[in-house]
Amino acid sequence: MAIQKTEKIWHNGKLIPWDDAQIHVMSHVVNYGSSVFEGIRCYAPPTGPAIFRAQEHTQRLLDSAKIYRIDVDYAREELISAMVDLVKTNGIWPCYMRPIILRGYGEAGVNPFNSPTEVFICNYPWGKYLGSDAEQGVDACVSSWTRIAPNTLPAMAKSGANYMNSQLIKMEAIINGYVEGIALDANGYVSEGSGENVFIVRNGALQTAPLGNSVLPGITRDSVLQIARALGIPVIEQGIPRELLYIAEEAFFTGTAAEITPIRSVDKISVGKGVTGAVTKAIQKEFYGIVRGEKADRFGWLTPVPAGSKQPVSV
Ligand SMILES: Cc1ncc(COP(=O)(O)O)c(C=O)c1O
């Protein structure tokens, strides 16, 4: 989906025109992939725009930077207030928010220490990520690409470089007629999709891979775990063998972009009856109820944006 540009982008503390948010081709990030970023949704409940789990996303951004020894001049609360200002200024919601911290134009070599840190935050309208079939469920495959192994690239950091692996997974899936690929980790256990965590339901219990299986600590993953516990659904975080995907009663992807997207088949084997199951539906109902403002924000997930005079866009 093409990016629909907005008026302003936040850059190192200032709001600049969208078209001016540029970096030099010899920036460290262009040559060596040295960036960390976030994907965050700002929803549009009737009370006005509300950023989903702003604290957790911003903390993960700063954690990613810390793992890569990138010094950032902005504290978590300053970045959150920058996001709030940006939504207000651009007058675009619901929207997707993309903060990026990168190593800019400095030295040409691999040593990153002499390249300056640049912080950008963009926001723009964005609809469903895994397509309009997301309610009925998507067809997924197990990727022939292995997810990044422990002690190679850190999976807990959301770095641009990790997405070269994600791109291989995604391209293979698309070329073979699937919506998404599920990667196994270096030991052959289920890891994650190219841009989503994976859940299955087996004997009524919800299972997802633990953080040691090369997964991003997804904020939606955490939200689903919280919802499941609140609903009294048993939750297990343990290594998932590939074949459990085939014999699961239910399966779904979670992610900021994908939200909660049922998986109806894996490698052309139907998951359960191939329709969205009861556990998935119960979790979706709670999740979408909260972000759409139909249910109370009982977990404290929404950061309200005091709306300006501009009207929201519909996506
Ligand atoms: C590789 C990968 N795993 C999992 C997720 C889900 O994370 P979150 O729910 O925080 O968006 C994402 C999306 O950001 C991702 O790119």
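Student: How many salt bridges does a search of the whole structure find?
Tutor: The search finds 14 salt bridges, each being a side-chain nitrogen of Lys or Arg within 4 Å of a carboxyl oxygen of Asp or Glu. This is a predicted model, where local features need pLDDT of at least 70 and side-chain atom pairs count only at pLDDT 80 or more, while totals for chains, interfaces and linings use all residues. Residues are numbered from 1 along each chain as its sequence is written, and side-chain values use heavy atoms, with hydrogens and water left out.
Student: What does Arg41 meet in a salt bridge?
Tutor: Its partner is Glu259, at 3.6 Å from N to O. Arg41 lies in strand β4 and Glu259 in strand β15, so the pair ties together parts that are 218 residues apart in sequence; strands here are DSSP runs of E with at least two residues, helices are runs of H or I with at least four, and both are numbered from the N terminus.
Student: Are those two buried or exposed?
Tutor: Both Arg41 and Glu259 are buried, meaning under 20% relative accessible area, with exposed over 50% and partly exposed in between (1.4 Å probe, protein chains only).
Student: And which residue pairs with Glu286?
Tutor: Glu286 forms a salt bridge with Arg298, the closest N and O atoms being 2.9 Å apart. Glu286 counts as buried at 7% relative accessibility, whereas Arg298, at 46%, counts as partly exposed.
Student: New topic: which residues of α5 meet α7?
Tutor: Thr220, Val224, Ile227, Ala228 and Leu231 do, and on the α7 side they meet Ala282, Ile283, Glu286 and Phe287, where contact means heavy atoms within 4.5 Å.
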